[in-house]
Amino acid sequence: MQIRCALVGMPGSGKSTVGRQLAHRAGVPFIDLDHRLEKLIGTTIRSFFETQGEARFRDLEAQVLAEVTQQPGGMVLSTGGGAVLRPENREVLRQFGNVLYLRASPEEIFKRVKHDKTRPLLQGGNPMGKLRDLYAQRDPLYRETAHYVIETGRPSVSTLVNMVMMQLEMAQSAVVAAPSTPGTEQPSDTAP
């Protein structure tokens with residue numbers, strides 16, 4: 001089975017960590033959109049936010065996302081937490097392949113990232129309040145974009161990778177087993 005999927009979710013939900021291991025296990029390339037963007041801009045995302053602003057960053061993010069998703073073949077793509085903010089990005093992701101939302105509560109995320117100074121949207125006063133606000137804004141967008149929601153609360157990374165692999169294998173089986181009557185479309189939650 002060749003995997004072609006994207007991981008979406010809040011900052012600190014495990015997209016990069018799970019994505020890297022998932023790609024390794026599946027034998028496909030792993031692309032971290034934030035790392036790709038940092039190479040392009042030549043600085044950290046936090047520094048770019050401070051000097052150029054979020055709107056300029058989101059423009060570049062949309063451009064690089066469109067380019068990456070046009071690459072052929074299998075891959076695991078880890079997106080930045082805000083990649084789903086633009087409708088065109090949500091559409092690009094859904095057309096790219098299976099989209100998995102790694103869902104974690106703001107409280108779980110805070111435990112993971114409270115000492116991480118590289119996350120621009122979590123800097124400043126009241127990061128817990130900021131996480132709750134981000135979650136309230138973005139959770140509906142992640143759900144709209146994703147084909148599947150994976151709860152990341154307590155499981156280890158290897159357990160999460162197993163959960164994602166099972167979900168993708170079931171999706172692949174459903175597509176293969178579906179009748180191929182001309183004019184019949186597959187349900188959107190099983191189409192790659």
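Which residue in strand 4 is the bridge partner of Val8? It's Tyr101. Before going on, note that this is a predicted model, where local features need pLDDT of at least 70, side-chain atom pairs count only at pLDDT 80 or more, and totals for chains, interfaces and linings use all residues. Residues are numbered from 1 along each chain as its sequence is written, and side-chain values use heavy atoms, leaving out hydrogens and water.

Strands here are DSSP E runs of at least two residues, helices are H or I runs of at least four, and both are numbered from the N terminus. Two strands pair if DSSP finds at least two bridges between them. Strand 4 (residues 98–103) pairs with strand 1 (residues 4–8) in the parallel sense over four bridges. Four bridges also join strand 4 to strand 5 (residues 148–151), again parallel, and there Tyr101 has Val149 as its bridge partner.

Six of the six residues of strand 4 are buried, so the strand is largely enclosed by the rest of the structure. (Buried means under 20% relative accessible area, exposed over 50%, partly exposed in between, with a 1.4 Å probe and protein chains only.) In a regular strand, side chains alternate between the two faces of the sheet. Here both faces are covered: Asn98, Leu100 and Leu102 on one side, Val99, Tyr101 and Arg103 on the other.

Now for the rings, which pair if their centres lie within 6.5 Å; planes under 30 degrees apart count as stacked, over 60 as edge-to-face, the rest as tilted (Phe, Tyr and the six-membered ring of Trp). The count comes to three aromatic pairs. The Phe49 and Phe57 pair is tilted, because the centres are 5.2 Å apart and the planes at 50°. Tyr101 and Tyr142 are tilted too, at 4.9 Å and 35°. That pair links strand 4 to helix 7 (residues 127–145), 41 residues apart.
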